Amino acid sequence: MPRDANKARISKQPGCWRVDGIGEIHGFNGRYPKTNVYMSGLHKDQIAKPLHSSSLNGEHQVIKDIPLNWIRELKTGSVWRGGERIYLPGVMDGQYEIDTRDIKIVRYSQPVELEGIEFDYALPLKAIQFGDNVSNLNASYLAIVPVLNQKSFTKYLAIPCIELFNFYICVSNRFCNSAITGSMDRYVEWKGDRLKVLKILSMEEQYVAYRSFFNKQGKSWFNYPRNSINYAVRKNDSSADTSYRLPVTIKASFPFKGLTKLTVAGKSFPYELPGGKQIWAIFVSNIISCSYEDGFDPVIESDEGGSANDPGLFNDEEGFYGEPEDDPFEDELECEENEGQEDELATTPSVVHLAENRFSVLGSLKFTRIRSGEDEYPVYPSNDHGKNGLHRPIDDATNNEGTNSFGSHVSASRDLEIFIAMVKQLRELTIEEEWEVMTRYGAEPIQIDGEVVNSFPLDKRKRSWKMIDAPDGGQSRRPRQIAWVEIRIPTLGYIYLMELELKANESGRSTLLVFRKDGRCMSNEDFKLFLGLVAVRNGWHQKGHEWKTEKVRNIAASYFENYSHRSLHHVQGLSNHEEASDAQAKEWAISILKSFSSELFSLGSVKSIRSSS
């Protein structure tokens, strides 16, 4: 289905809408399973707290018969306006160590026993309110797992099973569909001790597929959603009582039994009993990353031979997106101040890797590759990774063996690790002032110590300024990273700190303070425009800058009608490429606070922070 048609189906109703969840699955016997998406309306000035009941305006809508793989974008808690996703729920502080061996899977509306106490509802109203959508979502499954490392704050994570399915299985649209329709044999087959790939697969796809075949636990996990759907269908078909039927909803679990650490987005809530008894938990709208190590190194069999056609990108229904969407900055030439900097279009053959690190084990996992010898119809062509390079293959199949290194799995840059350490100190320094400091993300996040950073989006031009080369001089490349930090200050609204990753040969660049003139939060749409303007300038853009094309001049003018920028210099002597101690990170945080302009704050509210040492 064309991109514009997809947007139109989500934008029929004006205003801002939160995704509450999905309903029953249908069409699963065909190639493209379908579902309904339920959404609640939000007050336009409350999109930054989409999971809170006070943000709801009482309106509801349902989008019927959408492809199931849309859940990869229509994440629970995400906010949409005009067919565009404009906000994602904030990341909870820190990582949560959980034990998946003690999991409980129940429907939202069913009772659940925790610590010997039975509560009426697995997902109480204080976790999240669905309003008129509640009757369509109560049959959804919830996984509740104990938290081991933050018991004073929260004892359980309550994770919708659709999010477990989305995070652990839906690494691509085609895997999302195939896991339900039982058609994974189109892409892979298991050959004793190895996985044979039948089509070009990404690193994440190969990892998920290998995990699904490696042992009984993996097979059971991967087939669980499909088997639970088939069970409900068989029960309904065989029941003589047509007035009662089992809801056909996604039931999913973890792909392993044991301990892991999760970085999550969501909202805290209490399970409550009369008399004041409370057990605190987190409703997890989105899982950001998982640290589990499986204990295997995948053995992948693939073809090797002559040329092959470009596999292209995944689209909405079969798994191929087609061409990247049009870039409004495509025709903008580099400004004079950047002429002479290296910023030519990327023309050197290279493997371009999308930025994400949902499975941290991919940073150290070793993939052994074996040739199948089937040269007539090669899956992996030698010396040909496709013209767009965006399918993310593993290393060239002409090698018999290799390990993941830079680019195969993306980790955060050292520059931004230091900045994130500062952000944690900033949060601690402002707790008493009731500031809320959180890292925001626009697409696939990169996890750093329980926080997230972003990557510049890939486009058709793949401008070299936006790309980071492999440190060893190899041909792998990945998008440059940027941190987006949101700070909510009581009575004053929202401000933002932006920090760019630097290349090895680049000098230091200041942190950028960004704020809307009306004090409202920055939407994902505006952040996307911000990234585009930064990429065109090869650095921070300011209101007075000149632009070459009318299109970008208009974009910049519209942007600066709402936003202002200020540069905040780094602490002297702290290099972006050096290690930073806690004391240095705190010094930087204090410097940031002292740099905030008096035009933003009344001095009385931050006086004690500014004088901190």
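## Helix packing, a mixed sheet and a pocket

In this predicted model, helix α5 (residues 203–214) and helix α6 (residues 216–238) pack at about 115°, their axes lying 5 Å apart. Axes are lines fitted to C-alpha atoms, for helices over the stretch in contact, and angles run from 0 to 180 degrees between N-to-C directions. V208, R211, S212 and F213 of α5 meet G218, K219, W221 and F222 of α6 (contact: heavy atoms within 4.5 Å). Helices (H or I, at least four residues) and strands (E, at least two) are DSSP runs, numbered from the N terminus.

An open sheet of six strands has the order β6-β14-β15-β11-β10-β7, with mixed pairing; two strands pair if DSSP finds at least two bridges between them. The twist averages 45° from one strand to the next. Helix α3 (residues 161–168) packs on the sheet, and its direction makes about 25° with that of β15. β14 and β15 (residues 278–290) are antiparallel over eleven bridges, and Y271 has I279 in β15 as its bridge partner.

| β6, edge | 96–99 |
| β7, edge | 104–107 |

Of 31 lining residues, V91, M92, D93, E436 and M438 are the closest to the pocket centre.

Residues are numbered from 1 along each chain as its sequence is written. Local features need pLDDT of at least 70, side-chain atom pairs count only at pLDDT 80 or more, totals for chains, interfaces and linings use all residues, and side-chain values use heavy atoms, with hydrogens and water left out.

On a 1 Å grid over the protein atoms alone, a pocket is an open set of points where a 1.4 Å probe fits, with protein on both sides within 12 Å along at least five of seven lines; lining residues have an atom within 4 Å of a point.
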